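User: I would like to go through the aromatic contacts of this model. Please keep the answers brief.

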Amino acid sequence: MEKVAESWSEFFHQIQNEDFCEKLNKFLNKEYQEYTCYPPRELLFNAFKLTPLDKVRVVIVGQDPYHEPNQAMGLSFSVPKGVKVPPSLVNIYKEISQEYDCRMDYSSGDLTYLAKQGVLLLNSILSVRAHQALSHNNEEYRLFLSRVLEVLDRQKQPIVFLLWGGPARKLKAYLHNPTHLILECIHPSPLAANHGGWFGNNHFKLANKYLKENSTKEIKWANI
C-alpha cells in the first residue's frame, strides 16, 4: 500500500502522473481556455491551500462551485465578501445561530475563517462552466475526490465528516476509519431544508463535542 501522504503537496505529488490526473488537467486547460469557468483557475485548490492536511478537523463536502460571476472561491458554500450570501449558506448560518444562540453576520458569506480553523470546505467537483451547473461532472473528478477522501480517511487525527444531501452521503463508501465521526442529513438548500431534516440537526455542536472528547480544539462556528 502506498505511503500515507502527510501533506497535500505530498498527496498531489503522489497522484500527479496518474492517468486521471493528466486527463483532468488537459480537460481543465481546454475548458478554461475556451469558456468562462469558475472559480478563477488560481483558486481551484483554495481549500487545500487554506487547510493543511495535518490540520483538518472537519470536512464539509459540497457539490460543484457556484456558477454565476464573482461567487465561487474554491471553498464549498463560501462566497467572497461583498457577494450576496446564497440561500444554502443562509440556512447554515441559521442553524449555527440556533445551536449556539449566537449572532451571525449575514452580510458576509466568506468562510475563510472556518478553513483557517481546520474545516476543509471541499467541493466534489472543483470547477464549472459559467451558468451551467454540473457541467464539469466527469469521471476524472470522481476519481480525484475518491483519492482525497481515502487520504483523509487514513489520517490519524480526529476528523468529523459532515455529509449533507444525497451526493455527499454516498461518499461514506470511502470512509472506513472507526475513530472518525460521520454526521449526515439532508442538504441545507431551501428546497430540501424547508421540508424538515436540516434545522435542529445539531451537527455543529456534535462536531465540537467529538473534537473536545478527543482532546482537539473545537471550531468557533460563529463568524462574529
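User: Is Tyr93 buried or exposed?

Analyst: This is a predicted model, where local features need pLDDT of at least 70, side-chain atom pairs count only at pLDDT 80 or more, and totals for chains, interfaces and linings use all residues. Residues are numbered from 1 along each chain as its sequence is written, and side-chain values use heavy atoms, without hydrogens and water. Buried means under 20% relative accessible area, exposed over 50%, partly exposed in between (1.4 Å probe, protein chains only). Tyr93 has a relative accessible area of 0%, so Tyr93 is buried.

User: How many aromatic pairs are there?

Analyst: Rings of Phe, Tyr and Trp (its six-membered ring) pair if their centres lie within 6.5 Å; planes under 30 degrees apart count as stacked, over 60 as edge-to-face and the rest as tilted. By this rule the count is 15.

User: What is the centre-to-centre distance between Tyr93 and Tyr106?

Analyst: Tyr106 is partly exposed, at 37% relative accessibility. The planes of Tyr93 and Tyr106 are 75° apart, which makes the pair edge-to-face. Their centres are separated by 5.7 Å.

User: What is the angle between the planes of Trp164 and Trp198?

Analyst: Trp164 is buried at 2% relative accessible area, and Trp198 is buried at 0%. They form an edge-to-face pair, 4.8 Å centre to centre. The angle between their planes is 85°.

User: Which residue lies over the face of Tyr35?

Analyst: A charge sits over a ring if NZ of Lys or CZ of Arg is within 6 Å of the ring centre and within 35 degrees of the ring normal. Here the distance from the ring centre is 3.6 Å. The residue is Arg129.
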